[in-house]
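Hi,

Here is the structure I promised to pass on. Have a look at it first, and my notes follow below.

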Amino acid sequence: MVPDPMLPISYVVADKRQELGDTWTLELEPAGGDGVGKFRPGQFSMLYAFGAGEAPISVSGGGGAGERLGHTVRAVGAATSALCSIEPGSQVGVRGPFGNSWPLAEAEGGDVIVVAGGIGLAPLRLAINHLVANRDSYRAVSLLYGARSPDEMLFFGELQGWRESGIDVKYTVDTAPGDWGARVGLVTKLIPVAAFEGPRTTAMVCGPEVMMRFVSQGLQDRGVPLDNMHVSLERNMKCAIGHCGHCQLAHRFVCKDGPVFPVGRIGTLLGVREL
């Protein structure tokens, strides 16, 4: 039976680890029986902290049939702060899967560039793991990651592992102490030195919208077609099925029509500040 998308299913917090000062990853297992359906990279759940509220969170780990669900959550409001304070053994509500996914199948046979900023690496983690596991299906694969400081780099240990698995990983920070031996500067500065051929490249981008605007322009300058650039948008989703209108973006709904969009479809909207 397909779960009612409006009814949360109880999951147990099986494990919890702190990633950054304000960010935790929760590993969830169904409290009893079957859980929600299988997730594809880029899709999201609505996570419900009982008594506090609900928030849309991308799946950052697991998601397959019979697997745990991993969600990386930053404490920025009442619901997300409550989720981050939950201890293992407690329960949360899960609705999903919702939204569309990264175009991994369509990208096969060509180059792939993944660009992430800050916690925007979390919605891309399943896609990166897929690229690693199916490395022979793609030509050049690059990951460009930017964070505000070394202390705010998400999944830093995994960046090294992805590099060893055949992906060209480059990372940078906006500011750093004197003993930082890696790059300093905006992630857009990495685009000119990344190894890919624009016309045959699929790009997957997630981060602050201002960053995604400039990354899209940088990729276009390298010859990546607008319809081959895909961005994941974040809006104030409430129902996740396109009924409430909270996440409306012009004539589209981010929860139902996204969250992954080709820049060719929303490029003019992406350029409107604070839309």
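To start with a detail: which residue stands opposite H230 in β12? M204 does. That pair belongs to β11 and β12, which run parallel and are joined by three bridges. (Strands here are DSSP runs of E of at least two residues, helices are runs of H or I of at least four residues, and both are numbered from the N terminus; two strands pair if DSSP finds at least two bridges between them.)

Before the rest, some housekeeping. This is a predicted model, so local features need pLDDT of at least 70 and side-chain atom pairs count only at pLDDT 80 or more, while totals for chains, interfaces and linings use all residues. Residues are numbered from 1 along each chain as its sequence is written, and side-chain values use heavy atoms, with hydrogens and water left out.

The open sheet

β11 and β12 sit in an open, mixed sheet of seven strands, ordered β10-β9-β8-β7-β11-β12-β15. The edges are β10 (183-184) and β15 (260-262); each has a single partner strand, so one side of each lacks a neighbour in the sheet. β7 (residues 111-117) and β11 (residues 201-206) are parallel, with six bridges between them, and D111 is placed opposite T201 in β11. Helix α3 (residues 156-164) touches β8 and β9 (168-173), at about 150° to β9. α4 touches β7, β11 and β12 (229-232), at about 165° to β11. β12 is covered on both faces, with M229 and V231 buried on one side and H230 and S232 on the other (buried means under 20% relative accessible area with a 1.4 Å probe, protein chains only).

The barrel

Six strands close into an antiparallel barrel, β1-β2-β5-β4-β3-β6. On average, neighbouring strands there are turned by 45° against each other, direction ignored. β2 (residues 23-30) and β5 share six antiparallel bridges, and L28 has L69 in β5 as its bridge partner. In α1, the buried residues are A79, T80, A82, L83 and C84, and they pack against β1, β2, β3 (44-49), β4, β5 and β6 (91-98). Helix α2 (residues 125-133) lies across β1 (9-20) and β4, at about 10° to β4.

The largest pocket

The largest pocket holds about 1300 Å³. (A pocket is an open set of points on a 1 Å grid over the protein atoms alone where a 1.4 Å probe fits, with protein on both sides within 12 Å along at least five of seven lines; lining residues have an atom within 4 Å of a point. The volume is the space filled by probe spheres set on the points, which are joined across faces, edges and corners.) Its lining has 43 residues, with I119, G120, G207, P208 and E234 nearest the centre. Among the elements that each supply at least two lining residues are α1 (78-85) and α4 (209-221).

The peptide bond from G96 to P97 is cis, with omega near -5°, and P97 is in strand β6. F155, a residue other than glycine, has a positive phi near 55°; F155 lies in the loop between β8 and α3 and is buried at 6% relative accessible area.

Cheers

Methods: Contact = heavy atoms within 4.5 Å. Axes fitted to C-alpha atoms, helices over the stretch in contact; angles between N-to-C directions. Buried < 20%, exposed > 50% of the residue type's maximum accessible area, 1.4 Å probe, protein only.
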